[in-house]
Amino acid sequence: MLKNLLKLLFPDICYGCGSLLIKNERVICTACRHTLPRTYHHQSPEQNEIHKKFYGLLPLEFSCSFLYFTHKNNVKELIHNLKYRNKTAIGKELGMIYSSDIRKVIEKYHVDCIVPVPLHPKRLKERGYNQIETFAKTIAETCKVDYNPTILYRKTYSKTQTKKNKESRQMDKRNVFAVQYNKENEGKHYLLIDDVLTTGATLESCGNALLEIPNTKISILTIAYTLS
Ligand SMILES: [Zn+2]
């Protein structure tokens, strides 16, 4: 009874377009699901625009983004809701939708473990959650690979480091991630997952940190890719 009343007062809306969800729809409405601007990178995981972007920067096995991010499409609203409004169900939902496409790629390339790009501890404290977690976990669960959110972490800065001049801080930006690993983590294929790929600097830095683990292979997956 109370549940019905609450539903009447606060009906479920689509996090992509804001329209009312009807029976059997959840999180993202049918219209938005059908119009998601897919990249289809999974059909050519070594021959696509983002794989080429990292060419010469990071030795990647494969690279895929699920969707295109533009200021006109529903992806912007979905990512915004996921990132800033605590709507973590979006990550799970997108993960479920994408897993049917990406499963074959993950199997073919023998991915062992999924690693989410970590948030800075200060940001994590403010936000209370890492926005990429539900998406990354859902991909790991549905594709039956390990999930490791602790192997990669962001270094925290000391006061002396923050005093450095702009140029050297810029240099530090490339080196903000580090790994903590043991023998068991060696010789694996890690799939790094992030929300939006723009310049690729964060993923490059994460990838370089993971490559410090002996005999490691890495690949990249993001929910969205910003068209420049
Ligand atoms: Zn919608």
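**Notebook: chain, loops and rings**

I began with the contacts (heavy atoms within 4.5 Å), and I noted that residues 24 or more positions apart account for 75% of the contacts in the chain with a separation of 6 or more.

Before going further I wrote down that this is a predicted model, in which local features need pLDDT of at least 70 and side-chain atom pairs count only at pLDDT 80 or more, whereas totals for chains, interfaces and linings use all residues. I also noted that residues are numbered from 1 along each chain as its sequence is written, and that side-chain values use heavy atoms, with hydrogens and water left out.

**Whole chain**

I looked up the secondary structure and found 10 helices and seven strands, where helices (H or I, at least four residues) and strands (E, at least two) are DSSP runs numbered from the N terminus. The radius of gyration of the chain is 19 Å, close to the 17 Å that the globule rule gives for 228 residues, so the chain is as compact as a globular protein of that length; the radius is taken over C-alpha atoms, and the rule is 2.2 Å times the number of residues to the power 0.38. Along its principal axes, the C-alpha trace spans about 55 × 45 × 35 Å.

For burial I used relative accessible area, with buried meaning under 20%, exposed over 50% and partly exposed in between (1.4 Å probe, protein chains only). By that scale, 46% of the 228 residues are buried. The chain exposes about 13300 Å², of which carbon and sulfur atoms supply 52%.

I then looked at charge, with Lys and Arg taken as positive and Asp and Glu as negative, while His and the chain ends are not counted. There are 35 positive and 22 negative side chains, and the centres of the two sets lie 6 Å apart.

**Loop residues**

Which non-glycine residues did I note with a positive phi? His 110 has a phi of about 50° and sits in the loop between α5 (89–108) and β2 (113–116); its relative accessibility of 60% makes it exposed. Lys 144 has a phi of about 55°, lies in the loop between α7 (133–143) and β3 (146–147), and is exposed at 74% relative accessibility.

Leu 36 is also in a loop, the one between α2 (30–35) and α3 (49–53), but Leu 36 is buried, with a relative accessible area of 6%. Leaving aside neighbours within four places in sequence, I found Leu 36 in contact with Phe 66, Leu 67, Asn 74, Leu 78, Leu 94 and Ile 97.

**Ring pairs**

How many aromatic pairs does the rule give? I counted three, taking rings of Phe, Tyr and Trp (its six-membered ring) as paired if their centres lie within 6.5 Å, with planes under 30 degrees apart stacked, over 60 edge-to-face and the rest tilted. Phe 62 and Tyr 109 form a tilted pair, 4.9 Å centre to centre with 50° between the planes. This pair links distant parts of the chain, 47 residues apart, with Phe 62 in strand β1 (residues 60–69) and Tyr 109 in the loop between α5 and β2. Both Phe 62 and Tyr 109 are buried.

The ring centres of Phe 66 and Tyr 98 are 4.2 Å apart with their planes at 20°, so I recorded this pair as stacked. Phe 66 lies in strand β1 and Tyr 98 in helix α5, so the pair ties together parts 32 residues apart in sequence. Phe 66 and Tyr 98 are both buried.

Note on methods:
Areas by Shrake-Rupley, 256 points an atom, 1.4 Å probe, with all protein chains shown as cover. Charge placed at Lys NZ, Arg CZ, Asp CG, Glu CD.
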